[in-house]
Amino acid sequence: MKKLGLLGTIMLLLLLCGCHEDTRMADLQQQYRMITSAQLSAEVVCHSASENRVFTVACSYDKEQGATTSITAPEEVKGISATVSGDRLTVTYDGTILSAGEPADICPANCLPYLLYAATDGYVTEWGTEILEDTECLRAAFDTTAGSGEKVLCTVWFDGNHLPIYAEFSQNDRVILTARMLAFESK
């Protein structure tokens with residue numbers, strides 16, 4: 001009888017530990033749902049079969065108005081901006097605004113707003129703790145769908161304050177883009 005009581009206690013403790021983790025992810029997503037505006041910057045790397053291209057981008061996000069991402073490096077494309085608002089994407093360069101249609105895939109222009117979307121409304125497929133560059137992080141993978149209808153897995157490493165420090169965006173089991181956060185401020 002005592003063994004059954006001890007086993008029952010251990011199972012209850014294991015269930016409570018699992019509930020703590022479920023609450024942790026729910027709390028993280030609720031924190032991101034409450035963001036009304038944010039300023040982000042990141043070093044973004046596009047991974048292709050032939051080469052990796054590195055960009056530095058700055059993003060101004062407003063929950064109601066959408067997001068504008070500007071390339072700040074490399075110099076040859078510095079100043080190009082893209083605005084994502086609902087299901088529309090426009091590109092601006094040197095005062096000229098061009099409609100680019102729907103933001104169909106993950107790219108440097110929409111990856112930072114997409115990260116916020118994934119952290120807010122993505123389906124959590126896995127999570128746990130992991131050390132990234134000497135920082136203990138909460139690593140969470142969010143299953144989402146891009147404008148093209150293709151599934152995107154957005155995996156984000158959050159620091160102890162739930163601030164994103166690194167993200168990977170994958171389609172068809174291949175990492176297509178990574179983002180190392182340089183700054184993140186939100187309201």
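How many aromatic pairs does the count come to? In this predicted model, the count comes to 6 aromatic pairs. One of them joins Tyr114 and Phe169, whose ring centres are 6.3 Å apart. The planes of the two rings stand at 65 degrees, and since an angle over 60 is the criterion for edge-to-face, the pair falls in that class. Tyr114 belongs to helix α2 (residues 111–121) and Phe169 to strand β10 (residues 164–171), so that distant parts of the chain, 55 residues apart, are linked by the pair. Both partners are buried: Tyr114 has a relative accessibility of 11%, and Phe169 has a relative accessible area of 0%. A single aromatic cluster is formed by Tyr32, Phe142, Phe158 and Phe184.

The protein contains 2 helices and 11 strands. Their order from the N terminus is α-β-β-β-β-β-β-α-β-β-β-β-β. Of the contacts with a separation of 6 or more, 42% are between residues 24 or more positions apart.

Strand β9 (residues 151–158) includes Thr155. With a relative accessibility of 5%, Thr155 is classed as buried, because the limit for that class is under 20%. When residues up to four places away in sequence are not counted, Thr155 is in contact with Arg139, Ala140, Ala141, Tyr166, Ala167 and Glu168.

Over the 187 residues of the protein, buried residues make up 38%. The accessible surface of the protein is about 10900 Å², and carbon and sulfur atoms account for 55% of this area.

How values were computed: Residues are numbered from 1 along each chain as its sequence is written. This is a predicted model: local features need pLDDT of at least 70, side-chain atom pairs count only at pLDDT 80 or more; totals for chains, interfaces and linings use all residues. Side-chain values use heavy atoms; hydrogens and water are left out. Rings of Phe, Tyr and Trp (its six-membered ring) pair if their centres lie within 6.5 Å; planes under 30 degrees apart count as stacked, over 60 as edge-to-face and the rest as tilted. Helices (H or I, at least four residues) and strands (E, at least two) are DSSP runs, numbered from the N terminus. Buried means under 20% relative accessible area, exposed over 50%, partly exposed in between (1.4 Å probe, protein chains only). Contact means heavy atoms within 4.5 Å. Accessible areas come from the Shrake-Rupley method with a 1.4 Å probe; for residues, only the protein chains shown count as cover.
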